[in-house]
Amino acid sequence: MLVLGIETSCDETGVGLVEDSRRMLANTVATQTDVHARFGGVVPELAGRAHLDLLVPTVETAMAQAGATWKDLDAIGVTLGPGLVGALLVGVAHAKALALAHELPLVGVNHLEAHVYANAIDHGDLPLPAIAFVVSGGHTSLMVMEGPGRYEPLGATLDDAAGEAYDKVARLLGLGYPGGPAIDRLAPSGNPEAVKFPRALMEDPDYPYDFSLSGLKTAVLRHVKAVQSRGESVAVADVAASFQEAVVDVQVTKALKACRDRELPRLLLAGGVAANTRLRERLTKAADRAGVEVLVPRISLCTDNGAMVACAASYRFAAGQVTRLDVAADPSLPLDAGASVTTA
Ligand code: KG4
Ligand code: ZN
């Protein structure tokens with residue numbers, strides 16, 4: 001079974017091909033970082049337009065990389081949502097056109113689900129049920145994952161997503177965009193104990209699995225302003241390391257609490273922020289002590305890509321799930337979106 005996957009939910013145009021559910025034959029990502037960098041964040045209108053320019057050549061490159069012809073394919077997978085509507089629309093329209101032209105079934109997937117399935121490419125069939133933890137530019141989501149399209153949401157961010165907080169703080173510190181990798185690179189040269197930043201909702205019984213990062217972002221801003229008003233220079237590496245430590249502390253605590261509470265000693269970490277060195281390091285160590293097995297994809301499969309979409313679509317397709325061609329891109333597609341996916 002050979003499936004092509006298309007990802008256009010944000011600022012990466014990704015096309016991947018996956019054979020037998022998880023053998024990756026191609027994974028081409030055309031990044032738009034240059035388009036958005038001078039604005040310090042993703043500009044939705046520009047993202048949609050860039051996907052239009054980049055998608056056809058990216059599909060061609062991925063097909064050539066896999067050495068595949070259209071006749072070899074069994075299905076077209078695509079991210080239906082969540083994401084930027086103008087960006088999603090480009091991928092969904094193109095996937096429908098390919099499905100029609102080549103008489104192939106269309107399989108729509110949820111973007112968060114696709115992130116989690118990146119783990120299957122690297123580690124084999126997902127050990128389900130498990131706790132899945134998606135930390136990305138647009139999301140922080142903790143859930144019980146039972147199977148493709150079957151999720152029980154446990155908690156999410158009440159304000160900024162994890163990657164969004166990294167990007168905003170990096171901007172504030174003059175580290176450029178995207179901010180996550182910049183903070184990740186700088187933090188090891190700083191002292192994570194230098195500034196005591198808040199760990200919001202860390203042990204809050206009313207919000208056991210939820211996250212809040214806007215207060216932390218404000219605390220960083222206040223710290224920077226206070227230092228500057230004293231005429232001193234900001235110890236950027238210390239601030240970056242202290243900020244990162246506060247984020248990671250809460251992430252590790254809550255993810256392992258979910259595993260413990262649900263008696264599921266398996267954690268699937270995913271999303272762009274799962275590329276973070278400190279999070280990978282601290283979570284792996286803490287999980288080891290707690291007897292929890294942590295799966296995390298290689299770094300290049302953490303950020304948005306088409307192979308993870310092809311993989312998630314393969315599992316849905318193998319489970320008999322095919323999407324109708326009149327499906328619409330949904331910028332706030334829920335995780336349990338069985339409704340938009342009709343069994344053939
Ligand atoms: O999953 P992703 O590619 O896109 C979304 O679905 O949102 O995640 C992108 C986010 C950006 O906010 C970026 O700054 C963050 O992931 N990111 C990181 C790292 N690499 C990417 N954050 C922290 N540490 C990293 N190494
Ligand atoms: Zn993503």
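Domain 1 and domain 2 bury about 2,000 Å² between them, with 69% of this on carbon and sulfur atoms; buried area here is the accessible area (1.4 Å probe) that two parts lose on being put together, summed over both. The structure is a predicted model, in which local features need pLDDT of at least 70 and side-chain atom pairs count only at pLDDT 80 or more, while totals for chains, interfaces and linings use all residues. Residues are numbered from 1 along each chain as its sequence is written, chains are lettered from A and ligands numbered from 1 in the order in which they are written, and side-chain values use heavy atoms, with hydrogens and water left out.

Val-116, Cys-302 and Leu-335 supply 30% of the area that domain 1 buries against domain 2, more than any other three residues. What of charge pairs across this interface? With a salt bridge defined as a side-chain nitrogen of Lys or Arg within 4 Å of a carboxyl oxygen of Asp or Glu, the rule finds 0 across the interface of domain 1 and domain 2.

The whole structure, by contrast, holds 18 salt bridges. One of them joins Asp-122 to Arg-298, with the closest N and O atoms 2.6 Å apart. This pair links distant parts of the chain, 176 residues apart: Asp-122 belongs to helix 4 (residues 111-123), and Arg-298 to the loop between strand 10 (293-295) and helix 10 (299-302). Helices (H or I, at least four residues) and strands (E, at least two) are DSSP runs, numbered from the N terminus. On the accessibility scale used here (buried under 20% relative accessible area, exposed over 50%, partly exposed in between; 1.4 Å probe, protein chains only), Asp-122 is partly exposed at 26% and Arg-298 is partly exposed at 37%. Lys-168 and Asp-160 form another salt bridge, at 3.4 Å between the closest N and O atoms; Lys-168 is partly exposed at 33%, whereas Asp-160 is buried at 6%.

Glu-245 and Arg-278 also meet in a salt bridge (2.9 Å, N to O). Glu-245 lies in helix 8 and Arg-278 in helix 9, so the pair ties together parts that are 33 residues apart in sequence. Glu-245 is buried at 7%, and Arg-278 is partly exposed at 26%. Through shared partners, salt bridges join Arg-199, Glu-245, Asp-249, Arg-278, Glu-281 and Arg-282 into one network.

Helix 8 (residues 236-261) also carries Phe-243, which pairs with Tyr-166 of helix 5 (residues 162-172), 77 residues apart. Rings of Phe, Tyr and Trp (its six-membered ring) pair if their centres lie within 6.5 Å, with planes under 30 degrees apart counted as stacked, over 60 as edge-to-face and the rest as tilted. The count comes to 3 aromatic pairs; that of Tyr-166 and Phe-243 is edge-to-face, at 5.2 Å centre to centre and 80° between the planes. Both Tyr-166 and Phe-243 are buried.

Helix 6 (residues 179-186) has Gly-179, Gly-180, Ala-182, Ile-183 and Asp-184 as its buried residues, and their cover includes helix 5, helix 8 and helix 9 (277-290).

Methods: Contact means heavy atoms within 4.5 Å.
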